[in-house]
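Hi everyone, thanks for coming.

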Amino acid sequence: MKSNESSRRSGLGFTLIELLVVLAILGLLAGLVGPRVLGQLGGAKSKTVAVQIKDLESAAEMFKLDIGRFPTDQEGLPALVTQPAGVAGWNGPYLRKGLPADPWGNPYRYRSPGQNADVDIYSLGADNAQGGDGENADVGNWQ
């Protein structure tokens, strides 16, 4: 009768050792998989920046076709969304969804004439500072 009772008790739940083994396995999996998933998320932001910069560059080219020049430094990227004062021939807005911010919430930078291309359109990366590596690296239309 005792053996019947003890086998019934052991079948009712998990032992502490079993729970610790499961927690250890889950911890190892999270330690191995977590950094890879987060790394892919960061890479997606860098790819998003490159795509958005290409869109901004295309819009600036359309502005140039209509006006005969790129937006000036003073007009900047907002000229692609709202008509600058005193500009005839503007046929915008050249961006369908308005002027985007980079994936880190910072505005895109614009320089005309550019140092690397006709115009420079770039993001300073996650740290919003010049230079950097990985997610902090600057990304521009000249790369």
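This is a predicted model: local features need pLDDT of at least 70, side-chain atom pairs count only at pLDDT 80 or more; totals for chains, interfaces and linings use all residues.

Let's begin inside. The largest nonpolar core has 19 residues, and the members that touch the most others are Leu 77, Leu 80 and Ile 121. Helix α2, which covers residues 16-67, is the top contributor to this core, with six residues.

Take Leu 77 as our example. Leaving out residues up to four places away in sequence, what does Leu 77 touch? The contacts are Leu 56, Leu 99, Tyr 108, Arg 109, Tyr 110 and Ile 121.

The strands β1 and β2 (residues 120-123) run antiparallel and are joined by three bridges. The whole sheet is open, with three strands in the order β1-β2-β3 and antiparallel pairing. Which strands stand at the edges? Those are β1 (109-111) and β3 (139-140); each has a single partner strand, so one side of each lacks a neighbour in the sheet.

Now to the outside. In general, nonpolar side chains in soluble globular proteins tend to be buried together. Here, though, there is also a nonpolar patch on the surface, with about 1,100 Å² of accessible area together. Its members include Leu 16, Ile 17, Leu 20, Val 21 and Val 22. Val 21 sits in helix α2. Is Val 21 buried or partly exposed? Its relative accessible area is 45%, so Val 21 counts as partly exposed.

Note on methods: Residues are numbered from 1 along each chain as its sequence is written. Side-chain values use heavy atoms; hydrogens and water are left out. A nonpolar core is a set of buried Ala, Val, Leu, Ile, Met, Phe, Trp, Tyr and Cys residues joined through side-chain atoms within 4.5 Å. Buried means under 20% relative accessible area, exposed over 50%, partly exposed in between (1.4 Å probe, protein chains only). Helices (H or I, at least four residues) and strands (E, at least two) are DSSP runs, numbered from the N terminus. Contact means heavy atoms within 4.5 Å. Patches are made of residues with over 30% relative accessible area and no salt bridge: like charges are joined within 9 Å, nonpolar side chains (Val, Leu, Ile, Met, Phe, Trp, Tyr) within 5 Å. Accessible areas come from the Shrake-Rupley method with a 1.4 Å probe; for residues, only the protein chains shown count as cover. A salt bridge is a side-chain nitrogen of Lys or Arg within 4 Å of a carboxyl oxygen of Asp or Glu. Two strands pair if DSSP finds at least two bridges between them.
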